[in-house]
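Hello,

Here is the structure I promised to pass on to you. Have a look at it first, and my notes on what turned up follow below.

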Amino acid sequence: MHDQLKDDSSIFGAIYKFKPPASHNNLSTDGCPCYVIAFRGTIIEPIKSIKLKSLIQDLKLDFDIIRNILHLNSRFEIAMQAVNKMVDTVGSSNVWLAGHSLGSAMALLAGKTMAKTGVFLESFLFNPPFPSALIEGIKHEKVKHGIRIVSNTSTALLALAMKKKSGDPYLALAEWAPCLFVNPADHICSGYVGYFKHKKKMVGFGVLGDTERLATQHSLRGLCKSAISGKESEDLEPMHRIPSANLTVNSTLSRDCIQAHGIHQWWSPYLQLESILYKYN
């Protein structure tokens, strides 16, 4: 471990430096990262065993994810300082990002922020939160597809009405394809499955263009708040919506939602996995 990442409540991440095992001198290290910046998820243990302040801060961050204002939290500011420092010191090709649950949201936002400046970091995000995942609970595929079309169209039309323009940062972001690891039985992250399936289907229909781009860049709630208040909303851009990703879906049977959301599932050598690269053109 190279360094710890702390805020005023707890250790929320760490920077790891790659050190080849002494007994494997001939082991190829091609493709290995020099440094990995990893962020932990929400601590879900008995309250007696953790600091109450840490638990409260974690829950606040979870709520910030839902409200699309994680970028305003002091913990994320500390995380971005660490990411920028490592990239400036060792170069972007030598830094990977990783995280689970809340930590994957931190890593996703950090990677997304860097990608908008043209810096693409390899990122591995396990069970990343998708606030709109409840749509996946609907059994009828046509109904789910219809809801997404209505939602995206409404968002795009409102953005146009308010003269919110798409800019080059989104096109740069399209080149960044983080690796997402999700479980369809996990209601916290399962929304990514339907989200990218919908994008692929819209490409097949030949209608994925400015409407989809505007919808991905803006939050319907944020636009409504801006329209009502007359001020720029702090949650205009949905943090979880990204144009490209390498999506790995674990369809292995899970005992319950807790197991489906846990980090331990990804350590098993016996998994039913399907990986699909969704690349925004």
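Aromatic pairs come first: there are 10 of them in this predicted model, where rings of Phe, Tyr and Trp (its six-membered ring) pair if their centres lie within 6.5 Å. Planes under 30 degrees apart count as stacked, over 60 as edge-to-face and the rest as tilted. F130 and Y192 form an edge-to-face pair, with 4.8 Å from centre to centre and 70 degrees between the planes. F130 sits in the loop between β5 (122–126) and α4 (141–161) and Y192 in helix α6 (residues 191–205), so this pair ties together parts that are 62 residues apart in sequence. Helices here are DSSP runs of H or I with at least four residues, strands are runs of E with at least two, and both are numbered from the N terminus. Both F130 and Y192 are buried, which stands for under 20% relative accessible area, while exposed is over 50% and partly exposed lies in between (1.4 Å probe, protein chains only).

F196 and Y278 form a stacked pair, at 5.1 Å centre to centre and 25 degrees between the planes. Because F196 belongs to helix α6 and Y278 to strand β8 (residues 273–278), the pair ties together parts that are 82 residues apart in sequence. F196 and Y278 are buried as well. Ring pairs link F130, Y192, Y195, F196 and Y278 into a cluster.

Two sentences on conventions before I go on. Residues are numbered from 1 along each chain as its sequence is written. Since the model is predicted, local features need pLDDT of at least 70 and side-chain atom pairs count only at pLDDT 80 or more, whereas totals for chains, interfaces and linings use all residues; side-chain values use heavy atoms, with hydrogens and water left out.

Now the loop between β6 and α6. N183 is placed in the loop between β6 (179–182) and α6, and its relative accessibility of 1% is why N183 counts as buried. Beyond the residues up to four places away in sequence, N183 touches C189, S190, N250, T252, S254, A260 and Q265, a contact being heavy atoms within 4.5 Å. The side chains of N183 and Q265 are also joined by a polar contact of 3.0 Å. Such a contact is a pair of N or O atoms within 3.5 Å; within protein, one must be able to donate a hydrogen and the other to accept it, and residues adjacent in sequence count only if both atoms are side-chain atoms.

Apart from neighbours within four places in sequence, A185 is in contact with C257 and A260.

Next, helix α2. What span should its 17 residues have? At 1.5 Å a residue, α2 (residues 74–90) should span 24 Å, and its end C-alpha atoms are 25 Å apart, which agrees; the expected span is 1.5 Å times one less than the number of residues. The residues R75, F76, A79, M80, A82, V83, M86 and V87 of α2 are buried. They cover an arc of only 160 degrees around the axis, which puts them on the same side of α2; the arc is that of the directions from the helix axis to the C-beta atoms. Q81, K85, D88 and T89 are exposed on the other side of α2. Elements that the buried residues of α2 pack against include β1 (3–6), β3 (35–39) and α3 (102–115). At the N-terminal end, N73 caps α2 with a side-chain oxygen 2.9 Å from the backbone nitrogen of R75. G91 follows α2 and has a positive phi near 95 degrees.

S101, in the loop between β4 and α3, has a positive phi near 55 degrees without being a glycine. N127, in the loop between β5 and α4, has a positive phi of about 50 degrees and is not a glycine either. S101 is buried, with a relative accessible area of 10%, and N127 counts as buried at 0% relative accessibility.

Finally, the overall picture: the protein has nine helices and eight strands, and buried residues make up 45% of its 281 residues.

Best wishes
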